[in-house]
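Here is a short walk through one structure. Keep the model in view as you read.

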Amino acid sequence: MKTIYYNSIPAELKRLGITQPECAKMLGCSLSGFTHRIKRDQPTLHWAIYGIAYYLESSANGSNLQHKLEANV
């Protein structure tokens with residue numbers, strides 16, 4: 001059962017305009033730890049990505065998401 005409604009975490013990150021290293025930094029983990037979590041496909045990571053998406057989309061208010069990410073990391 002998928003918790004979040006998107007096909008894959010990498011596709012969702014691409015849609016948000018952020019890279020895996022940027023997302024790993026936002027989550028406070030290493031890139032290798034992040035890619036390991038993606039491969040495990042656990043609901044907790046999906047919820048974390050959902051939270052990042054909600055944060056970036058709600059704080060963007062029409063601004064460039066990449067600019068918002070750089071300002072908050």
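Two residues are in contact when heavy atoms lie within 4.5 Å. The model is a predicted one.

Start with helix 2 (residues 20-27) and helix 3 (residues 31-40). On the helix 2 side, Gln20, Pro21, Cys23, Ala24 and Leu27 make the contact; on the helix 3 side, Leu31, Phe34, Thr35 and Ile38 do. Seven of these contact residues are nonpolar, two are polar and none is charged. The two helices pack at an angle of about 95 degrees, and their axes are 9 Å apart. Angles of 65 to 115 degrees count as roughly perpendicular, so helix 2 and helix 3 are roughly perpendicular to each other.

Next come the salt bridges. The structure has two. In one, Arg15 pairs with Glu12, with 2.8 Å between the closest N and O atoms. Both residues sit in helix 1 (residues 9-16), three residues apart, or about one turn of the helix. Glu12 is buried, at 8% relative accessibility. Arg15 is partly exposed, at 49%.

Arg15 also forms a salt bridge with Glu57, at 2.5 Å from N to O. This pair links distant parts of the chain: Arg15 is in helix 1, Glu57 is in helix 4, and 42 residues separate them. Glu57 is partly exposed, with a relative accessible area of 39%. Together, Glu12, Arg15 and Glu57 form a network of salt bridges.

Finally, look at the aromatic rings. There is one aromatic pair. Trp47 is partly exposed, at 47% relative accessibility. Tyr50 is partly exposed too, at 43%.

Technical notes. Residues numbered from 1 in each chain as written. Predicted model: local features only at pLDDT ≥ 70, side-chain atom pairs only at ≥ 80, totals over all residues. Heavy atoms only, no water. Axes fitted to C-alpha atoms, helices over the stretch in contact; angles between N-to-C directions. Helix = DSSP H or I, 4+ residues; strand = E, 2+ residues; numbered from the N terminus. Parallel < 35°, antiparallel > 145°, perpendicular 65-115°, else oblique. Nonpolar A, V, L, I, M, F, W, Y, C, P; charged D, E, K, R; others polar. Phe/Tyr/Trp six-rings, centres within 6.5 Å; stacked < 30°, edge-to-face > 60°. Buried < 20%, exposed > 50% of the residue type's maximum accessible area, 1.4 Å probe, protein only. Salt bridge = Lys/Arg side-chain N within 4 Å of Asp/Glu carboxyl O.
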